[in-house]
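Please examine the sequence and the structure shown below.

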Amino acid sequence: MNNQENFHRLELIEKYCNNTLSPSEILEFEELYKNDSTLAEEVEEYKKIVDLLRMSSVEKTILSTLERLENEDRALESSPIKSYKAAFFLLITTLAACVIFVLYASLTAVELPDFENDLTIVRNTEQSVLTFDDKEVLDNLSRGQRCFKDGNFSKAVEHFENVLDSQNTIRPYYQEAAEWHLIVSYLKNDQVKDAKRLYKQMDNCSEYVYPISSLDKIKLWWQIFWANLLK
Amino acid sequence: MNQRINYTPSQVVSVLRSNVHTEIESVTTFLYTSFKPVVASYIFKQGGDYEDAKDIFQDVILIFFRQVYTLKFEPKSFKELEGYFIKIAHNKWLKKKQADERREQRENEYTNQHETLKDTKTPQNQLENDENSNAFNEVLKKLGEPCRTILLAYYGEELSIKEIAAQLNIGNPDAMKVRKFRCLEKLKTLLSKNE
């Protein structure tokens, strides 16, 4: 069988399988079928090959789709959009954390450590021998603390100012304690400007003896800030 | 990216048995988005990496397709489909582990392989070992270009002779028709040699 005949035979088989034989081709095919025992085998072989080609073609499509999906996933992993999203998320989280911290600092009470009622409050004075002025300083300090605790801030301001106005040289510990208490008292007593001035003065100091925590200092700053803003 | 379309198991089956390649792409996307995370998570738990998950999922989806196409499997529910993907991934992972172990312990290779295969013999497993399709793909590789492209385009994607001629820049459809038959003849010869 030459090439031409071969192709014609294949074409007939293909048309037979696709049901596209013309009437004259049907006659030709039937004639061939009667006289050629291998034709039936060739038809089966053709069907099998076409089936395998179809499977292979679908597999090719599945694999190329999977490859594309994998690449898209990887691109998405490293895409700037994802990085921007992560950065945006980080920014929002940081902002939210900052807002929560500011709210906490602005709304929670400043907790100043209690100072001891030390009779040696006045420097260079013997414990047993206190002058009238020294006694007055001690008295003002303890009264100021009591008023502060009772919420009577106008009186507290008076007593703490008296302590600081005293001509005597008191220990830095007590001076600082009186100053921090006075700042809070000013603030509670609506004397925001005085609170701000004294806070600024205290904030400029590099060393503290009175152990006020950084958090309480920040709280005071924010509370003075809001009071100043809302006034 | 293809829009993800949800398919019922029976729709997945009918698309995979059809020859509509755009639909097949869409079903592949559906299967990828539905089951790749589950398969990947299983592989990671077993100590595999991203590449293992990618390779195993590719094998699983091909096995699934071959079984569906040859009418050996027809899932009735999404749960059954998911179970099938996990089961095949599990078998594939075992097979891979065995291959890795074989590399380390050459002496025990034969015994280990047969014992484990006997233990995990399932219909899926049987299909995994069915290398017919892979053998055919090897023959297609041997067939070379442009025959491979012509036959896959004509019989696989069902493109017309004109379209293929245009794709391959062969102006004359009659010449392409003759070429296609020549390629088919060549493929038949290669297959008979391969048997």
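## Backbone features in loops

The place of A:Asp190 is the loop that links helix H7 (172-188) to helix H8 (192-203) of chain A. Helices here are DSSP runs of H or I with at least four residues, strands are runs of E with at least two, and both are numbered from the N terminus. This is a predicted model, in which local features need pLDDT of at least 70 and side-chain atom pairs count only at pLDDT 80 or more, while totals for chains, interfaces and linings use all residues. Residues are numbered from 1 along each chain as its sequence is written, and chains are lettered from A and ligands numbered from 1 in the order in which they are written.

A:Asp190 is not a glycine, yet its phi is positive, at about 65°. Most residues other than glycine have a negative phi, and most peptide bonds are trans. A:Asp190 counts as partly exposed because it has 13 C-beta neighbours inside 10 Å. By the rule used here, a residue is buried if 20 or more other C-beta atoms lie within 10 Å of its own, exposed if 12 or fewer, and partly exposed in between, with C-beta atoms placed from the backbone.

A:Asn19 also has a positive phi, near 60°, and is a residue other than glycine. A:Asn19 lies in the loop between H1 and helix H2 (23-35) of chain A. A:Asn19 has 6 C-beta neighbours inside 10 Å and therefore counts as exposed.

In chain B, a cis peptide bond with omega of about 5° joins B:Glu145 and B:Pro146. B:Pro146 is found in the loop between helix H7 (132-143) and helix H8 (147-156) of chain B.

## The two chains

The table sets out the composition of each chain. Two residues are in contact if their C-beta atoms, placed from the backbone, lie within 7 Å.

## Where the chains meet

How many residues of chain A are in contact with chain B? There are 24 residues of chain A in contact with 30 residues of chain B. Helix H1 (3-18) and helix H3 (38-77) of chain A each supply at least two residues of the side that touches chain B. H3(A) gives the most to this side, with 20 residues. By class, the side of chain A that touches chain B has 12 nonpolar, 5 polar and 7 charged residues. Ala, Val, Leu, Ile, Met, Phe, Trp, Tyr, Cys and Pro count as nonpolar, Asp, Glu, Lys and Arg as charged, and the others, Gly among them, as polar.

## Two helical stretches of chain A

Helix H9 (residues 214-230) of chain A has 17 residues, and its first and last C-alpha atoms are 24 Å apart, close to the 24 Å expected at 1.5 Å a residue. The expected span is 1.5 Å times one less than the number of residues. Within H9(A), the residues A:Lys219, A:Leu220, A:Gln223 and A:Ile224 are buried. They lie on the same side of H9(A) because they cover an arc of only 130° around the axis, the arc being that of the directions from the helix axis to the C-beta atoms. An α-helix has 3.6 residues a turn, so residues three or four places apart point the same way. The face turned away from the buried side of H9(A) carries the exposed residues A:Ser214 and A:Leu229.

An unreviewed UniProt entry lists residues 86-107 of chain A as "transmembrane region". UniProt positions are given in the numbering used here, feature names are shortened, and annotations may be inferred rather than shown by experiment. In the model, residues 86-107 of chain A are 100% helix and 0% strand, and their end C-alpha atoms lie 31 Å apart.
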